[in-house]
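Subject: Structure handover

Hi,

Here is the structure I promised to pass on to you. My notes on what turned up in it follow below.

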Amino acid sequence: MMSGQTPLDRAAFAAEIEHRLRAEPTVDFLGREGDVVQVRVTNQRMRVDLTNFYQAYIQAPEHFDLVYATLLRLLHEQIPERAANTFADIADRVMPMLKPITLLNAVFERKLPMLAYRPFLADLIVAYVIDEPQRVSYINERHLERWGIGEHQLHERALTNLAARTQERAHFLMTGDGPQRLIVANTHDGYDATRLLLPDLLASWQPHFPGKMVIGIPNRDFLIAFSDADESILTSVAHQIQLDAAQREYGLTDQLFTIDNGEVREYQWD
């Protein structure tokens with residue numbers, strides 16, 4: 001959708017979504033009735049109401065491609081892991097993932113099994129996924145019932161796996177000195193922002209910063225740590241985080257965080 005064009009009405013929007021889904025190699029398009037499309041993804045049949053996607057589109061018609069990409073991503077992310085009959089089958093691939101709490105609304109509205117999750121800070125939740133080569137599959141309450149485990153056990157294993165992966169393959173860029181010091185997680189494995197859940201890692205960075213260490217996670221693939229010792233730098237970086245959270249794909253939050261007594265807290269401006 002090009003900027004400047006007249007926005008599509010509801011019927012035309014649904015028709016364009018149908019046209020694109022029919023061309024998707026990973027999606028079997030089964031039919032559409034008004035705003036509801038039926039598809040099959042990896043042998044699972046789904047019905048998707050496009051109402052919320054149209055509402056998102058009409059607020060910014062120039063971002064049709066982003067709305068469509070979000071729909072396509074959700075179709076693939078919600079596929080359950082059918083082959084995992086026991087928790088041991090997938091335990092090594094369980095990972096945590098920070099997501100906006102609005103994801104729960106999307107799950108509820110689509111009448112999908114509720115995700116396994118725990119609340120976090122700043123309108124975020126910790127969801128849990130089975131990490132696969134080309135995608136992730138969200139873990140829901142039915143999985144926990146089938147595996148006979150609780151959310152606490154799932155959470156502990158997910159954090160253990162995240163810490164191990166971080167130690168093995170994470171990449172961090174450190175630049176600047178003193179108040180200008182920046183540390184950026186740029187592994188691009190889908191879990192950079194989620195490394196906020198590793199307070200021991202973040203606490204090991206604290207000695208590099210004068211003042212308090214401040215952390216931003218504007219989107220899924222970005223975590224930045226910086227100092228609040230220089231107010232102009234703090235304000236500038238915080239403003240960029242705010243922009244990125246609103247404009248970048250997989251946006252999370254413009255809330256800033258810090259480490260206090262070994263725990264992640266929301267950063268409070270003086």
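**The loop around Asp 192**

Let me start with Asp 192, which lies in the loop between strand 9 (182-185) and helix 8 (199-205). Helices (H or I, at least four residues) and strands (E, at least two) are DSSP runs, numbered from the N terminus. Before going further, a word on the source: this is a predicted model, where local features need pLDDT of at least 70 and side-chain atom pairs count only at pLDDT 80 or more, while totals for chains, interfaces and linings use all residues. Residues are numbered from 1 along each chain as its sequence is written, and side-chain values use heavy atoms, with hydrogens and water left out.

Is Asp 192 buried or exposed? Asp 192 counts as buried, because its relative accessibility is 0%. Here buried means under 20% relative accessible area, exposed over 50%, and partly exposed in between (1.4 Å probe, protein chains only). Its side chain reaches the backbone nitrogen of Thr 187 at 2.9 Å. That is a polar contact by the definition used: a pair of N or O atoms within 3.5 Å, where within protein one must be able to donate a hydrogen and the other to accept it, and residues adjacent in sequence count only if both atoms are side-chain atoms. Leaving aside residues up to four places away in sequence, Asp 192 touches Ala 185, Asn 186, Thr 187, Arg 220, Asp 221, Phe 222 and Leu 223 (contact means heavy atoms within 4.5 Å).

Three strands form an open sheet in the order 1-2-3, with antiparallel pairing. Strand 1 and strand 3 (44-49) stand at the edges with a single partner strand each, so one side of each has no neighbour in the sheet. Neighbouring strands of this sheet are turned by 20° against each other on average, direction ignored. Two strands pair if DSSP finds at least two bridges between them.

Strand 1 (residues 28-33) and strand 2 (residues 36-41) are joined by five bridges, and Phe 29 has Val 39 in strand 2 as its bridge partner. These two strands make a hairpin with two residues between them, and Gly 34 in the turn has a positive phi of about 65°. Between strand 2 and strand 3 there are six bridges, with Val 37 partnered by Val 48 in strand 3. Helix 1 packs on the sheet, touching strand 1 and strand 2, and its direction makes about 165° with that of strand 1. Axes are lines fitted to C-alpha atoms, for helices over the stretch in contact, and angles run from 0 to 180 degrees between N-to-C directions.

Helix 1 (residues 10-23) has 14 residues and reaches 20 Å from its first C-alpha to its last, close to the expected 20 Å (1.5 Å times one less than its number of residues). Which residues of helix 1 are buried? They are Phe 13, Ala 14, Ile 17, Glu 18 and Leu 21. Seen down the axis of helix 1, these buried residues fall within an arc of 140°, so they line one face of the helix. The arc is that of the directions from the helix axis to the C-beta atoms. Ala 11, His 19, Arg 22 and Ala 23 are exposed on the other side. At the start of helix 1, a side-chain oxygen of Asp 9 comes to within 3.3 Å of the backbone nitrogen of Ala 11.

**Elsewhere in the chain**

In helix 2 (residues 51-59), the buried residues are Phe 53, Tyr 54 and Tyr 57. Seen down the axis, they fall within an arc of 100°, so they too line one face of their helix.

Arg 73 belongs to helix 3 (residues 64-77) and is buried, with a relative accessible area of 17%. Arg 73 touches Glu 249 and Tyr 250, again not counting residues up to four places away in sequence.

Strand 4 (residues 94-100) has six of its seven residues buried. Strand 4 pairs with strand 6 (residues 124-131) in the antiparallel sense over seven bridges, and Lys 99 has Ile 125 as its bridge partner in strand 6.

There is also an open sheet of six strands in the order 8-9-11-10-12-13, with antiparallel pairing. Its edge strands are strand 8 (172-175) and strand 13 (263-266).

Happy browsing!
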